[in-house]
Amino acid sequence: MPQKDAITETITQITDRVGRAQGIEPVEVEVLGGGKSRVVRIYIDKPQGVTHADCEFISQQVGTILDVEDVIPGGSYTLEVSSPGVERKLTKPTDFQRFVGQKAKVVLREPVENQKSWIGTLKAFEDNLITLEPTEGKSVQFSFDQVQKANLKFEW
């Protein structure tokens, strides 16, 4: 899927360029399906939270650029723009820095202390090193490169 990865990267770059002035950042871009049932899904975020107007702005601006630059092969697609939700993915180092103090679930590529899946409070992110506190007074550290997937955990 190299072509799909290139399209996804192009859409991410366009979304970043369009949203930067409004403090809006792309969190994730998905290109799903094919033919007339193709869906382009863009998840956006900003520090004070995403509004309906933010989604509308990105949809209109990015949608226009995608059409003018003919980024999506086949021409026909549905564009969806939304917030990543309360349990958003953490994919970049800046995500871990931004959400220090929040509860997160992190799945590692290799076990740390015989465990690959950790849930706890993000205590720090420095020099590519994540510090997570699974229980009060206990902390574990691992490098950003060890993270297979991570997301915030909302406390219901």
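In this predicted model, D95 touches E25, R88, K89 and L90, leaving aside residues up to four places away in sequence. D95 has its place in helix α3 and is buried, with a relative accessible area of 1%. A salt bridge links D95 to R88, and D95 also belongs to a network of salt bridges that share partners. The points below begin with these charged residues and then turn to the chain, its sheet and its surface.

- R88 and D95 form a salt bridge in which the closest N and O atoms are 3.0 Å apart.
- Both partners of this pair, R88 and D95, are buried.
- D95 counts as buried because its relative accessible area is 1%, and buried means under 20%.
- R98 and E25 form another salt bridge, with 2.9 Å between the closest N and O atoms.
- R98 belongs to helix α3 and E25 to strand β1 (residues 25–32), so this pair ties together parts of the chain that are 73 residues apart in sequence.
- R98 is partly exposed, and its relative accessible area is 30%.
- Through shared partners, salt bridges join E25, D45, R88, K92, D95 and R98 into one network.

**Other salt bridges**

- The count of salt bridges comes to 13.
- One of them joins the side chains of R20 and D16, with an N to O distance of 2.4 Å.
- R20 counts as exposed, at 55% relative accessibility, whereas D16 is partly exposed, with a relative accessible area of 27%.

**The chain as a whole**

- The secondary structure of the chain comes to three helices and eight strands.
- Along the sequence these elements follow the pattern α-β-β-α-β-α-β-β-β-β-β.
- The C-alpha trace spans about 55 × 35 × 30 Å along its principal axes.
- The chain has 156 residues, and buried residues make up 36% of them.
- Of the contacts between residues at least 6 apart in sequence, 54% join residues that are at least 24 apart.
- The chain exposes about 9000 Å², and carbon and sulfur atoms supply 48% of that area.

**The five-stranded sheet**

- Strands of a sheet pair through backbone hydrogen bonds, in either a parallel or an antiparallel manner.
- In this model, five strands form an open sheet in the order β7-β6-β5-β4-β8, and their pairing is antiparallel.
- At the edges stand β7 (138–143) and β8 (147–152), each of which pairs on one side only.
- From one strand to the next, the twist averages 40°.

**Pairs of strands within the sheet**

- Strand β6 (residues 129–135) is joined to β7 by five bridges, and the two run antiparallel.
- Within β7, F142 is the residue that stands opposite I130.
- Six bridges join strand β4 (residues 103–112) to strand β5 (residues 115–126), again in antiparallel fashion.
- K103 has T121 in β5 as its bridge partner.
- A hairpin is formed by β4 and β5, with two residues between them; in this turn, E113 has a positive phi of about 50°.
- β4 also pairs with β8, over five bridges and in the antiparallel sense.
- L152 in β8 stands opposite A104.

**The nonpolar surface patch**

- V86, F154 and W156 form a nonpolar patch on the surface, and together they have about 410 Å² of accessible area.
- V86 lies in the loop between β3 (78–82) and α3 (93–98).

**Q61 in helix α2**

- Q61 is found in helix α2, which covers residues 52–68.
- Q61 is partly exposed, with a relative accessible area of 37%.
- Q61 and T15 are 46 residues apart along the chain, and their C-alpha atoms are separated by 8.6 Å.

Key. Residues are numbered from 1 along each chain as its sequence is written. This is a predicted model: local features need pLDDT of at least 70, side-chain atom pairs count only at pLDDT 80 or more; totals for chains, interfaces and linings use all residues. Side-chain values use heavy atoms; hydrogens and water are left out. Patches are made of residues with over 30% relative accessible area and no salt bridge: like charges are joined within 9 Å, nonpolar side chains (Val, Leu, Ile, Met, Phe, Trp, Tyr) within 5 Å. Accessible areas come from the Shrake-Rupley method with a 1.4 Å probe; for residues, only the protein chains shown count as cover. A salt bridge is a side-chain nitrogen of Lys or Arg within 4 Å of a carboxyl oxygen of Asp or Glu. Helices (H or I, at least four residues) and strands (E, at least two) are DSSP runs, numbered from the N terminus. Buried means under 20% relative accessible area, exposed over 50%, partly exposed in between (1.4 Å probe, protein chains only). Two strands pair if DSSP finds at least two bridges between them. Axes are lines fitted to C-alpha atoms, for helices over the stretch in contact, and angles run from 0 to 180 degrees between N-to-C directions. Contact means heavy atoms within 4.5 Å.
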